[in-house]
Structure formats: structure tokens, C-alpha cells
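Please open the structure in your viewer and keep the selection panel at hand. The stops below say what to select next and what is found there.

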Amino acid sequence: MGAIQGFEIRRSSAALRGGGTMLRQQPTVAKYIDTSICIGCKACEVACQEWNDLPLVKTEQVGTYQTMPSLAPNFWNLIQFREIDTGPHGFAWLLRKDQCMHCADPGCLAACPAPGAIVQYQNGIVDVDPEKCIGCGLCEPGCPFDVPRYTARDNKMAKCTLCVDRVTVGLEPACIKACPTGCLQFGDKSSLLALGAHRVKQLQDDGFASAAVYDPPGVGGTSVITVLKHGDHPEWYGLPKDPSVPTTVSLWKRVLHPIGFVAMAAAIFGAIGHFMAFGPKKPVDTAKDAGKEV
Amino acid sequence: MASLAATFGRGAMTNGWVDIKNADVVLVMGSNAAENHPCGFKWAIEAKKTRGAKIVSVDPRFTRTSSVADVYAPLRPGTDVAFLNGLINYAITKNRFHEEYVRIHTNGPYVINEKYGFNDGLFAGFDESSGNYDKSAWAYDADPKTKAYLVDKEMKHPRCIFQLLKKHVERYTPEMVERICGTPKDEFLKVAEVVTSTGNAQRCGTIMYALGWTQHSVGCQIIRAAATLQLMLGNVGRPGGGVNALRGHSNIQGATDMAGTFEILPGYLATPRGELTDLKTYLEKVTPTTLNKETWATMNYWSNYPKFMVSLLKATYGKAATKENQWGYDWLPKTDGNYSWMFIFDDMYRGAKANVAGGTEPGPEGFITFGMNPVGIGPNSGKMIQALSKLKWMVVGENYEIETATFWDDKKTKAYGGPPSSQIQTEVFQLPCSGFAEKDGTFTNSARWLQWKWKAIDPPGQAKTDQEVIARLLLAVKDLYKKEGGPVPEQVLNMSWSYTNPVNPDLGEALKEINGKALEDLKDPKDPSKIIRKAGEQLAGFGEVRDDGTTMCGNWLHSGCYTEAGNLAQRRNNADPNGLGMFHQWGFSWPANRRIMYNRAGADAEGKPWDPTRPSIVWNGEKWVGDVPDMKPDAPPGTYGAFIMNAEGVGRLFAPSMNDGPMAEHYEAVESAVPNALHPKVTPSPTAVALAKKMKSDKDVLGTADKFPVVCTTYRLTEHYHYWTHHTNILNQLQPGFFIEIPEELAKEKGIVNGGRAKVTSARGSIEGVAMVTKRLRKLAIDGKQVWHIGFPIHWGYEGDPRHTGPLANFMTPSAMDPNTWTPEFKTFLVTLEKGGEGVA
């Protein structure tokens with residue numbers, strides 16, 4: 001599958017002049033996650049896997065309710081479970097759905113040296129075109145949220161597409177459809193921000209003074225916005241406090257990349273840099289067995 | 001369910017799933033609704049989002065429900081009565097109860113006879129030798145002249161129920177709650193403040209509970225305490241109120257309605273016992289009468305018992321049932337004892353010839369099991385496995401190869417004391433059956449809604465639907481009776497089986513039969529010249545059911561589900577005119593499509609709703625409007641009491657029909673961790689102890705706190721469904737295997753690390769699993785002493801994908817049970833905990 005036909009592209013990886021088409025105006029969509037009413041039922045995990053035809057992952061009970069330690073090439077949606085002491089007498093079991101955040105300023109796209117392998121549609125969805133992905137893995141360090149996953153089997157990277165194939169035909173993403181409590185919503189980002197503000201007010205009235213919507217400006221905001229009871233401590237939920245595109249990536253993107261004739265050299269530089277920083281590519285990046293099909 | 005019936009008149013969720021959205025306070029206790037009822041729990045979330053409702057979670061573990069609750073309080077497993085009685089005491093002492101409601105809608109003003117008393121843990125009437133109560137000591141007092149019940153509307157009489165209850169619960173101070181439950185006083189008070197904020201006309205709160213209350217030796221008393229609390233707060237019969245029993249399976253309410261246990265026939269009619277030799281004697285015994293003449297008269301709806309019974313007999317035996325042969329009453333099987341789960345297996349274990357515990361007949365030599373996995377679900381799994389090995393034959397109808405079907409495989413059962421395969425003579429027949437998506441039919445959910453479901457796919461291979469297997473079995477037995485004869489041939493040969501396709505009955509036809517139809521033209525009792533229902537027509541509801549053989553009805557309670565208008569369980573109209581989520585045109589809700597039971601209690605003496613923004617039913621001067629009234633529709637306020645199924649017409653704060661006490665009292669589990677702080681001489685429930693003592697085999701061993709000091713509980717997980725989804729790898733991926741949840745401090749003490757192995761031992765044996773070391777289980781001080789509690793989920797067994805098998809959780813649980821329902825005590829038992837070895841299953 002290539003980039004989705006009929007969707008306007010805002011920008012595209014390794015493209016001169018941004019690669020956007022920009023013919024039509026399309027509102028930015030978003031996924032809304034209210035962690036304060038998520039019960040961690042994992043219906044979204046199953047829906048994601050089934051809709052996207054992702055093969056099963058072999059997991060093992062290692063002392064947690066969490067399905068696996070982190071996202072995997074064939075597991076793009078994971079509820080994270082965290083036990084947190086929130087104060088002298090406070091305790092919380094914080095459950096947050098983790099997936100691609102669909103940044104307005106996507107570090108993965110910036111880091112990607114393969115033309116058109118990562119695209120950002122006009123509506124904000126950041127998607128991967130596997131046909132164009134060269135499996136270099138540069139997107140991984142480019143992401144401040146540790147989302148893209150490389151799979152050795154096809155030498156490609158994979159992540160949540162925000163069900164762009166469903167959204168294109170007017171459906172909500174599979175995870176949203178499966179959510180029983182309504183803690184997941186999908187729609188126009190501006191109206192979901194308003195909903196988030198309303199919910200934050202409720203939480204503040206309930207005594208959670210620092211409740212907030214997580215929509216980090218360091219990456220230009222995200223198309224996955226998250227309501228947090230403890231908005232001053234996103235790290236309690238496994239979210240970075242002030243995420244931004246890594247300097248090396250933005251430097252490469254802004255300074256070196258426009259110089260077309262050094263693009264290839266830059267890609268090599270990037271690859272070497274990544275090798276030095278992270279070592280050779282391992283087939284499995286997280287759990288002992290994560291990513292292995294069963 | 002026994003408790004709800006004893007309190008309100010019917011044994012089911014009082015309100016409904018959707019109605020939870022109307023609550024101001026949602027107390028989730030004895031349930032982890034977010035975990036086990038995630039789709040229904042959305043209505044609690046809805047209440048929170050739209051009404052600012054407070055969700056209160058009281059649980060031994062900080063659960064998925066607690067994670068989204070506004071208030072959480074821990075308690076030691078099995079101490080729920082103490083906590084709830086503490087709430088009732090708080091409501092009374094702080095005057096935070098709904099006094100007017102108590103006065104008009106409960107038996108609070110009723111006076112109890114002089115024999116009643118409660119002393120040092122025992123109610124009056126206890127017989128030491130049998131371990132049973134003589135319940136006449138708990139009866140209402142009646143005026144010797146008028147024979148009417150004595151009632152004090154001021155509720156000042158020292159023997160009136162309100163005063164007795166007040167005195168009974170005054171021992172449950174916040175300090176006592178802390179001593180018994182281990183709940184720190186300030187945390188208890190926070191819960192009490194929120195829950196009792198609904199003890200008035202303006203606010204309303206609901207309770208969601210499930211098997212976390214049922215599965216105790218005091219299960220019924222816990223639910224009685226909750227029901228009493230809700231009556232005191234005036235929260236029954238109102239939108240956003242009620243005591244909402246969340247059933248453990250998608251159709252368990254339907255199974256119970258259709259006689260899921262031995263002591264009931266469809267529609268909760270009593271299974272006749274042997275000594276009730278004719279129909280007249282039976283009906284006299286079971287049909288309640290009332291002495292209520294003073295206060296509101298009562299409808300005493302159970303006075304219609306003969307109509308329900310005769311129509312059931314007509315449905316069962318068809319034309320063969322006549323007035324002369326008492327509608328076939330003689331052919332109905334009678335019981336001679338207790339045939340509940342544990343007794344059946346006790347009889348089985350001790351063998352067909354042995355002196356048995358349940359009835360007077362010898363134990364069974366054959367066993368048929370469908371949609372049940374006895375090896376997994378029964379307590380004391382070792383005994384279950386041994387019991388099955390005593391059978392001559394067993395038939396298992398399932399869509400997977402379940403543990404029960406392979407109980408004879410000693411490689412798999414050795415760990416549970418299973419006998420060597422070579423010594424087992426049981427012949428096992430395994431019949432492949434369809435799964436739930438492979439057949440039509442109804443699901444009756446917790447909210448009593450019958451909802452039709454359509455088959456999604458055909459069963460694979462040679463698998464057949466349950467109804468086809470049972471039909472073929474019945475027809476084969478009929479043929480054998482015809483050819484060879486046998487005892488009581490009428491019982492089999494007269495059974496009505498008039499389906500279009502007798503070998504595979506259409507379930508729509510079965511539902512029509514359940515609804516009932518007129519066998520002759522039914523005349524209007526007020527005007528015999530009028531025909532209200534022609535012969536052959538479907539009945540409009542149980543109001544048309546008769547006791548003269550002119551109607552047949554397979555289950556009076558479900559009558560109205562398949563009328564001349566068609567199969568109402570198939571309705572999917574989500575019109576909601578009053579916005580309260582009643583959805584009268586969606587499916588069919590028994591009784592009579594009523595969505596909130598006892599809805600008359602949602603209004604005051606004049607018939608005005610307590611809260612006009614949330615009316616249940618309202619008297620408009622001519623009739624009751626709103627929900628389908630739980631009341632004669634044109635009976636003005638003051639004619640009848642609100643609880644029409646109770647003979648006296650009111651809700652019961654004091655319920656003399658319970659086997660273990662008319663008011664809830666705190667007793668420790670049969671395997672008690674500590675002496676009872678209120679009465680150390682009577683630590684566990686004396687009736688439960690007497691029952692446990694009836695299980696006398698070598699497998700029925702109980703542990704004591706000196707040897708097994710850790711309290712243990714069991715539960716289910718969102719990701720799995722009972723004992724069969726470990727055959728499904730997409731779910732195994734989400735929850736790959738058995739684990740034991742252990743508090744951090746205890747794990748440290750025992751040298752157990754998260755993800756390492758732990759071993760649990762009860763008096764029945766040992767199991768091992770992965771340790772989940774957590775802060776969610778807290779250290780609780782019980783009467784100054786540290787008592788630890790741990791827990792584990794139940795889903796695994798030795799069948800299925802070998803990478804996802806696990807120990808049988810119920811290998812740990814004892815043969816202890818509730819004395820009213822005989823439900824096993826899965827939720828509180830004693831164990832030891834130690835570090836596990838590597839690689840031992």
C-alpha cells in the first residue's frame with residue numbers, strides 16, 4: 001500500500017520543498033485519550049491488531065498487567081500500567097494507551113532519508129509507506145516518544161497509522177471503535193481540545209488541580225491528545241515532559257538537508273551516527289520475545 | 001440472589017445497566033466492574049462525566065475499578081458485612097438516612113415477636129445439634145385479636161424493626177470497622193460520607209456487586225446488608241438507585257430464571273419435595289399468605305402461584321396434563337435433599353453405594369455436563385477430579401477439549417492428586433458442541449433484558465447445537481421407554497415436544513412456549529361475554545396466565561417476551577423519550593418489560609417522585625405513568641405497598657426467611673484468619689460451619705490460621721472469560737499466564753521478586769506461579785495484628801496451548817459454602833506463601 005490516495009499530503013520525508021500537495025484544506029484530526037476514565041481493558045489493543053492484520057506476539061507473564069514491555073513492530077497500541085505513589089497518602093494505578101502520537105512536527109519524518117517513506121497528511125496523520133521505507137531505522141532516534149519499531153523480517157519500520165485507511169472512508173480508528181468507556185474519541189482536533197478543556201475543568205473541580213491536556217508544543221502539538229489527572233507529571237504516565245525533535249535530527253533537516261547534492265552523504269552520515277550511538281540493528285528491540293510471531 | 005428475593009421479592013438486579021448513569025454515587029464493592037463488566041461499567045463512567053457522580057471502590061485490592069474511582073478504601077477479604085453495617089450505623093447515628101422512605105416503604109415500623117433476640121453472635125432459635133435456626137423466633141408480632149401485624153409508624157416501639165436494626169448495628173462503629181476490616185478509620189469515614197450523602201429525596205446512589213459478595217460463606221448476608229443499607233437510604237425503586245447484581249456470565253440470569261439450580265423450576269417456582277405428595281399440598285406450602293391489614297394492603301403477587309405452576313405443568317406435559325391427574329404433578333421429579341454442586345460432587349466422590357450427604361438416594365453413576373467445566377469451577381479441584389473418576393460414564397458437550405474431559409489423564413492431573421489412569425473406569429463421551437456465536441437464542445443479561453442474538457456462523461465440522469444434542473438424547477430415551485418400559489414412564493413419554501423439527505428445535509418456538517399461549521378462548525373475568533384472548537394466541541403477559549388448564553406458560557416471569565406482536569427480544573428500537581435510559585422498545589425486560597423493579601418506591605405516599613428530575617413512576621390522578629408500573633396500574637397511592645412480591649408489601653430491613661439470620665452479622669470465613677472481634681466464641685457463621693461439616697470426606701480438609709496465616713482470594717481478569725479463553729491465543733497474548741498478586745512488603749519478607757516464582761499452599765495442596773509484586777495490595781492491621789492478603793486469577797488449567805496452561809486455582813479453595821445458596825467460598829481462604837522453585841508448574 002502506498003500513501004493513501006485522495007488524502008492531501010502536508011509533507012513527505014526527504015523531499016525537496018516539503019513534498020506537500022496542499023491543494024485542499026483539511027482540518028487536523030485527533031485521537032483523544034482520557035486516562036482518568038480508561039480502565040485498561042485492552043479492547044483497543046485487540047482491535048488494532050485485528051484491523052491491521054498484525055500477527056500475534058508471543059508474550060510471557062513477567063509480573064505486570066501490561067501486555068508487553070513496550071510497542072513492537074506488530075503491536076502498535078499498548079496500554080501501559082504504572083503504579084505511582086502520588087504523595088504522602090496518595091496512590092494511583094495510571095493506565096495510558098501508548099501509540100504513535102502523530103506529531104505536528106514529526107521527528108521521524110524529519111529523520112527519514114528515504115523520499116516519501118514517511119508522509120504527513122494534511123489532516124495531521126503521520127503514515128509510513130512501506131514500499132518506500134528502506135529499513136534504515138533512522139526514524140527511531142528521531143522520535144521523542146520511542147514509537148517506531150523496526151522489523152527485520154521485512155526490513156521495514158512499523159507504527160500506528162491512526163487507521164488512515166479507515167479515516168479516509170469516514171470511519172473512526174479501530175481502537176476508538178472498540179473502546180467501551182468512551183475514554184477514546186476521534187474527531188476534529190479543535191473540538192477535542194475543547195472537550196479536553198471541559199474534562200480538565202471537571203477534574204480540577206474534583207481536586208486534581210494540575211489536571212491538563214497533554215499536547216506538547218515542542219513537537220508542534222500532537223494528533224493524539226491525552227487528558228492527565230496529574231498534568232504536572234506526564235512522566236508518571238510514561239510521557240516525556242517536554243518532548244522535542246532531537247537536535248541532531250533537526251539540525252540535519254534544517255541545515256544539511258536542503259542542500260540537495262549532499263543529501264545522500266547526509267543519509268550515510270546519519271546512518272553512521274546512529275550506528276555509533278545505538279550499535280548494530282537488533283531484530284528485537286524490546287522484550288525478550290517481543291516481535292516474534294506465534 | 002436469595003438475599004435480594006428475601007429483601008425485595010425478586011432475585012435480580014433491581015435497576016439496569018443503563019440506569020446506572022442516573023446515579024449520584026456508585027458504590028462498587030464485591031465487584032471489580034471495570035475489570036469484569038467493562039461494557040456495563042461505561043454507565044458508571046457516564047454518570048461521572050455527565051452528573052459528576054462519585055465512584056466509590058471498596059476492595060481488598062486496588063483494582064482497575066479503583067484506578068478510575070473517586071474514593072478507594074481497602075478492606076480484608078470477607079469482612080464486607082462489618083463495613084456495610086458500619087455504613088448503616090453511620091447513616092442512623094448521623095441522621096443521614098431517608099426516614100420517610102423507611103416509614104412507608106420498608107418493614108422498619110413492623111414489630112417482631114418477643115422470642116426474637118441476638119446474643120453473643122447467635123440469633124434466637126439456634127439449634128446446636130442441627131446447626132439450623134428455628135425461624136419462628138424471627139416472626140412478625142401480630143395483634144391477638146385482629147391477627148393483623150403490629151406496626152408502629154413512629155418507629156419507637158422497642159421491638160419494631162427500625163429499633164432492632166439500630167441496636168444491631170450500633171456495635172459497628174468506625175473503630176470496630178477498622179478493627180475487623182483493617183480499613184483505616186479516616187478512609188472508612190470518607191466512604192461513609194459519600195455513600196450516605198444519598199440518604200434523602202434529592203440524591204440517589206446505586207450499588208454494583210458481583211461474585212466478590214456472593215462467593216463467601218456469608219455471601220447472602222453481605223448482600224442483605226447492602227440491600228438494608230439501600231432501603232435505609234431510600235435508594236430502591238428509584239432511577240440511579242438499587243442493588244445491582246452483576247452476573248458472572250452473559251446469560252447466567254437467563255439460566256437462573258430457567259431453573260439453573262436444583263431447588264427451582266422455571267420462574268423461581270419451588271421444586272417439589274417428596275413429602276409434598278399432591279399439588280394441593282404443594283401449593284398450600286408455597287403460596288404465601290399475609291396478615292397485613294393495618295398498613296397498606298398488599299398485592300401479595302405470589303398469591304398467583306397456582307396459576308404459574310399449573311401453566312408450567314401444561315407447558316411440560318401438554319394434553320396429558322389434566323385436572324384429574326393434577327396437571328401431571330405426580331410426574332414432576334421430587335427432591336429428597338440437597339442437590340447443589342458441592343453435594344452432588346460429594347455424593348459422587350463417596351461413590352454410588354455410599355451413605356451420601358445430599359439426599360437419601362445413592363450418588364450418581366453417570367454425569368452429563370454442557371457449558372460447565374467442573375474440574376475448573378468447583379472448589380477443591382482435587383476432590384472434583386477424584387469424584388469424576390468414580391463415575392461409570394460421563395458425557396461432555398463442549399466446543400473445546402476442557403479439563404473435565406481429560407480428568408483421567410494422570411500426566412495432567414497428578415499434581416492435583418488425580419488417580420493413575422489405569423485405575424479409572426469412567427467411560428467419557430465427548431460431543432463437539434457449538435459456541436455462543438454459532439447458535440441463535442436469547443441472552444438474558446444482568447438487567448433482566450432478554451435480547452435475541454442471531455447465529456453468526458455455522459458450527460464447525462460435526463459440532464451440533466446444545467438443543468439438538470439434548471433433543472436427540474430425549475427422543476432416544478423416549479424410544480427406549482416405548483420399547484423397553486421403565487420406572488415412571490409417564491414422566492418421559494408425556495413430555496410435550498411439539499416443535500416443528502423435533503430433533504433440532506427452533507429456539508424461537510421454544511421462546512414462544514416460554515411466553516405461553518391460550519389453550520382455549522380466555523374470557524374476561526369481569527365480563528364473561530368478552531373474549532380477551534382466542535385459543536392458540538400468544539399471551540400478552542403473566543396477567544393472563546390461569547390455573548384452570550386454559551393456558552400454558554413455560555416461565556411466567558418471561559411471559560410477555562413473545563406475544564402476538566412477535567418476538568420482542570428481537571426489538572432494537574432505542575427510543576428513549578424520558579432520557580432516563582429505560583428503552584422500553586429494546587428487547588424485553590422481565591417482569592412485564594419493567595426496567596426498574598419496585599418503581600412504586602420511587603415515589604412518596606402521594607405518588608409524587610422523590611426527585612422530580614428522575615421519576616420512576618408518577619400517579620397522575622388516574623394511573624401510574626413512566627416506567628411499566630410495579631403496581632396495579634390504576635391502584636391509587638395508598639392502596640398497595642410498593643414491594644408487591646413480598647407478602648407484607650414492604651421492603652425488608654429484617655428478613656425472616658434467611659437461613660443464617662434475619663439481619664446481617666459479621667462472621668469470619670469458614671477458614672478464619674482471626675477470631676471474631678465481636679464474639680470470639682462464634683467466629684465463622686454457625687450455619688455455614690454446620691454445612692461445611694457435612695462434607696466429611698478425606699478431601700474436605702480445612703486450614704487454620706496458625707498453620708496458614710495468609711488470607712487468599714480469587715478473581716477474574718478482563719482479558720479472559722472463565723476457563724475456556726486460554727484456548728484463544730489472541731487473548732493469551734494479552735494475559736499469557738497464571739500469576740499471584742503479592743503486597744510488596746510481604747514479598748520482601750519472603751524473598752520473592754516481581755516476575756519470579758511464588759508458591760501458595762492451602763490445606764488442600766500447593767500451586768506455583770509468577771509473582772506479581774504490587775503496591776495495590778496494602779498492609780492492613782487487623783485488631784492490632786498484621787494480617788496479609790494475596791490473590792490470584794482463576795482462568796487456567798492443564799488443557800489448551802501448552803505455552804499457556806497454568807494451575808487450577810480452585811485446587812486451593814475449600815469445601816465451604818453459603819447456607820442459603822450453597823455457593824462456594826472462593827473469595828476468602830487461608831494459605832501460606834513462599835518463594836517458588838524454578839520450572840515447577
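Two strands count as paired if DSSP finds at least two bridges between them, and the elements themselves are DSSP runs numbered from the N terminus, with helices being H or I of at least four residues and strands E of at least two. This is a predicted model, in which local features need pLDDT of at least 70 and side-chain atom pairs count only at pLDDT 80 or more, while totals for chains, interfaces and linings use all residues. Residues are numbered from 1 along each chain as its sequence is written, chains are lettered from A and ligands numbered from 1 in the order in which they are written, and side-chain values use heavy atoms, with hydrogens and water left out.

Begin by selecting residues 789-793 of chain B, which form strand β32. Five of its five residues are buried, so the strand is largely enclosed by the rest of the structure; here buried means under 20% relative accessible area, exposed over 50%, and partly exposed in between, with a 1.4 Å probe and protein chains only. Cover is present on both faces, with H789(B), G791(B) and P793(B) buried on one side and I790(B) and F792(B) buried on the other.

Next come the salt bridges, each defined as a side-chain nitrogen of Lys or Arg within 4 Å of a carboxyl oxygen of Asp or Glu. Over all chains the count by this rule comes to 53. Select R61(B) and E741(B), whose closest N and O atoms are 2.8 Å apart in a salt bridge. This pair links distant parts of the chain, 680 residues apart, since R61(B) lies in the loop between β2 (54-58) and α4 (64-67) whereas E741(B) belongs to strand β27 (residues 739-743). Both R61(B) and E741(B) are buried.

Two further bridges lie within helices. In α19 (residues 466-484) of chain B, R472(B) and E468(B) are four residues apart, about one turn of the helix, and their side chains meet at 2.8 Å, N to O. In α6 (residues 99-105) of chain B, E100(B) and R103(B) are three residues apart and form a salt bridge at 3.5 Å, N to O; E100(B) is partly exposed at 36%, as is R103(B) at 24%.

To see a network of salt bridges, select K42(A), E35(B), R64(B) and E719(B), which are linked in this way.

I368(B) has its place in strand β12 (residues 366-370) of chain B, and is partly exposed with a relative accessible area of 41%.

Finish with G242(B), in the loop between α11 (219-232) and β9 (243-245) of chain B. G242(B) counts as buried at 0% relative accessibility, and its C-alpha is 6.8 Å from that of Q230(B), twelve residues away in sequence.
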